[in-house]
Amino acid sequence: MGTMMNEEIFEIGANCLLVIGHRFFAVVEIESEVPGVDLEVFVIIRIDEETAIRLRNAGLELCEVVNRIPEATEDVTVEFKCIFINKNKAFALFDVEDGFDRAVFVRISLDEARELIRMGAPQCTVVDAREHHH
């Protein structure tokens with residue numbers, strides 16, 4: 001057990017700041033580093049504006065928000081992760097790896113999002129980390 005403690009069990013993959021109107025989210029991908037453990041999970045964390053500004057000032061980049069699914073090539077893997085719905089906006093979240101690990105949000109319609117969820121697409125995990133809920 002002693003030596004294991006020095007090994008990374010999890011590492012952070014893609015991470016970015018998502019801004020939708022006046023709502024702010026830290027997007028973090030958690031990946032297992034343990035051989036044979038296939039855990040790769042995105043968590044979308046609702047934060048307040050002050051926290052968003054501090055994270056941004058610390059160097060957290062804005063998430064990519066695009067209108068079409070990124071193209072996979074032999075050097076680029078594109079993996080659908082989950083559907084994110086916030087108020088009246090919907091996105092499909094893709095994990096794009098091209099040497100960098102990036103979270104890419106593709107704008108989709110609410111109808112499309114609901115249809116995908118009905119067909120079994122997972123919804124993104126959202127955690128509200130704001131101090132005061134309004």
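I worked on a predicted model, in which local features need pLDDT of at least 70, side-chain atom pairs count only at pLDDT 80 or more, and totals for chains, interfaces and linings use all residues. Residues are numbered from 1 along each chain as its sequence is written, and side-chain values use heavy atoms, with hydrogens and water left out.

**Sheet.** I looked up an open sheet of 4 strands and found the order S4-S7-S6-S5, with mixed pairing. Strands are DSSP runs of E with at least two residues, helices runs of H or I with at least four, numbered from the N terminus; two strands pair if DSSP finds at least two bridges between them. The edge strands, each pairing on one side only, are S4 (64–66) and S5 (77–86). S4 pairs with S7 (residues 101–108) in the parallel sense over 3 bridges. I traced valine 66 to its bridge partner in S7, valine 106.

**Loop.** I located histidine 22 in the loop between S1 (10–20) and S2 (23–32). Histidine 22 counts as exposed because its relative accessibility is 73% (exposed is over 50%, buried under 20%, partly exposed in between; 1.4 Å probe, protein chains only).

**Cores.** A nonpolar core is a set of buried Ala, Val, Leu, Ile, Met, Phe, Trp, Tyr and Cys residues joined through side-chain atoms within 4.5 Å. The largest has 16 residues; Leu18 and Phe84 are among those touching the most other members. S1 gives the largest share, 4 residues. I also noted a second, separate core of 11 residues, including Phe94 and Ala113.
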